Amino acid sequence: MPSNAPLSPTHFVAPLDETPLVAVDKVQVAAKPSNLYLDAWRDMRRRPLFYVSGVIVLLVVVVALFPALFTQLDPRACALSFSNQGPSAGHPLGFTKQGCDVYARIIFGTRTSLSVGIIVTLLVTVIGIVIGALSGYYGRWIDAVLSRIGDIFFAIPYILAAIVIMSVVAREARSILVLSLAIGIFAWPSTARVLRGQILSVKNSDFVMSAAALGVSHFRILLRHVLPNSIAPVIVITTIGLAGAIVAEATLSFLGIGLPPDVMSWGKDISQAQGDLRNNPMTLIYPSIALSVTVLSFILMGEVLRDALDPKARARR
């Protein structure tokens, strides 16, 4: 063959049977759908702390709703003849200085403390979600105005504000609702700030832009797409905030400016027992233990929720 003859091109074609469908490209139709909250639930079920805190929280709720299941004694039936007596048959925790059964007062005082915590949490959550959502999504002058309002309320300690309201404004109208309003109306800025920051990171996502391109209204996008994908941190703050509300009620009742005298609460019992700390310290210790265990259980539940709703925290474990 002459050296100057043109070379014919050579073509290499891979056989079809050597390029099978890659396994990762297959769609697993039988696989169960998953989302953030389903993954969080699966993570919490593997943590013993979730069951410990959950059992305590459930027990507190049941005691608050059905106190008669745990004691048949009247917490207001006091007799000075039993003053500061120790435990006896039917009275496992003894008596207060006024001759009231300590165990019965702790059981019936659970409803008051939990009621204040729930009302405050609902109020804080509603105000925080409304202001945080509007501020974070619409921005501009709405964000400027609402953020400055939040800064004003954030600069006022809600315990101090509640003390002023309960001792000056609502001195003659003390009740569970009034006390809850006094605490909750100043405790929402933290929730609003967290939700605002979360919405700022979500509202520029691709699915939000796609909904806007399809002509969906801004308010509908906020409710259907942005808010559901930003609410996870608020759930955590709500759980921990409920514990803070219970502590706030106990603090105000301890100072004597919380609930009226005819309403039982752990803080009021602690306040009344402080004078007998040397003679009969258990009347102060028992309601303090109930308060501490309840608050700790809600805080631990919030910690579990925080770790479960954070994908990065799950990946580190």
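Q: Among contacts in the protein chain between residues at least 6 apart in sequence, what percentage join residues at least 24 apart?
A: In this predicted model, the figure is 70%.

Q: What does the secondary structure of the protein chain come to?
A: The chain has 13 helices and zero strands. Read along the sequence, the pattern is α-α-α-α-α-α-α-α-α-α-α-α-α.

Q: And how many of the residues are buried, as a percentage?
A: Buried residues are 38% of the 317 in the protein chain.

Q: Let's take H3. How many residues does it have, and what does it reach from first C-alpha to last?
A: H3 covers residues 102-138, which is 37 residues. From its first C-alpha to its last it reaches 53 Å, close to the 54 Å expected at 1.5 Å a residue.

Q: Where is the kink in H3 centred?
A: On Gly109, with an angle of about 30°.

Q: What about the two ends of that helix?
A: At the start of H3, Asp101 has a side-chain oxygen within 3.2 Å of the backbone nitrogen of Tyr103. After the helix comes Gly139, which has a positive phi, near 60°.

Q: Which helix does Arg140 lie in?
A: Arg140 lies in H4, residues 140-154. Its phi is also worth a look: the value is positive, near 55°, in a residue other than glycine.

Q: Is Arg140 buried or exposed?
A: Arg140 is exposed, because its relative accessible area is 76% and the cut-off for exposed is over 50%.

Q: Changing topic: how many aromatic pairs does a search of the whole structure find?
A: Four. One of them is Phe50 with Tyr51, where the ring centres are 5.4 Å apart and the planes are at 70°, so this pair is edge-to-face.

Q: Why edge-to-face at that angle?
A: Because planes over 60 degrees apart count as edge-to-face, and the Phe50 and Tyr51 planes are at 70°.

Q: How do Phe50 and Tyr51 come out, buried or partly exposed?
A: Phe50 counts as buried at 14% relative accessibility, while Tyr51 is partly exposed at 44%.

Q: What sort of aromatic pair do Tyr137 and Tyr138 form?
A: Tyr137 and Tyr138 form an edge-to-face pair, 5.2 Å centre to centre with 90° between the planes. Tyr137 is buried at 10% relative accessibility, and Tyr138 is partly exposed at 31%.

Q: Which residues do ring pairs link into a cluster?
A: Phe153, Phe186 and Trp188.

Q: Last one, Ser265. Where is it found?
A: Ser265 is in the loop between helix H10 (232-254) and helix H11 (266-273).

Q: Is Ser265 buried or exposed?
A: Buried: the relative accessible area of Ser265 is 0%, and buried means under 20%.

Q: What does the side chain of Ser265 make a polar contact with?
A: The side chain of Glu249, at 3.2 Å. The Ser265 side chain also reaches the backbone nitrogen of Lys268, at 3.2 Å.

Q: Leaving aside neighbours within four places in sequence, which residues is Ser265 in contact with?
A: Ser265 is in contact with Gly109, Thr112, Ser113, Glu249, Ser253 and Leu259.

Definitions and conventions: Residues numbered from 1 in each chain as written. Predicted model: local features only at pLDDT ≥ 70, side-chain atom pairs only at ≥ 80, totals over all residues. Heavy atoms only, no water. Helix = DSSP H or I, 4+ residues; strand = E, 2+ residues; numbered from the N terminus. Buried < 20%, exposed > 50% of the residue type's maximum accessible area, 1.4 Å probe, protein only. Contact = heavy atoms within 4.5 Å. Expected span 1.5 Å × (residues − 1). Bend = angle between axes of the 7 residues up to and from the residue. Polar contact = N/O pair within 3.5 Å; in protein donor to acceptor, adjacent residues only side chain to side chain. Phe/Tyr/Trp six-rings, centres within 6.5 Å; stacked < 30°, edge-to-face > 60°.
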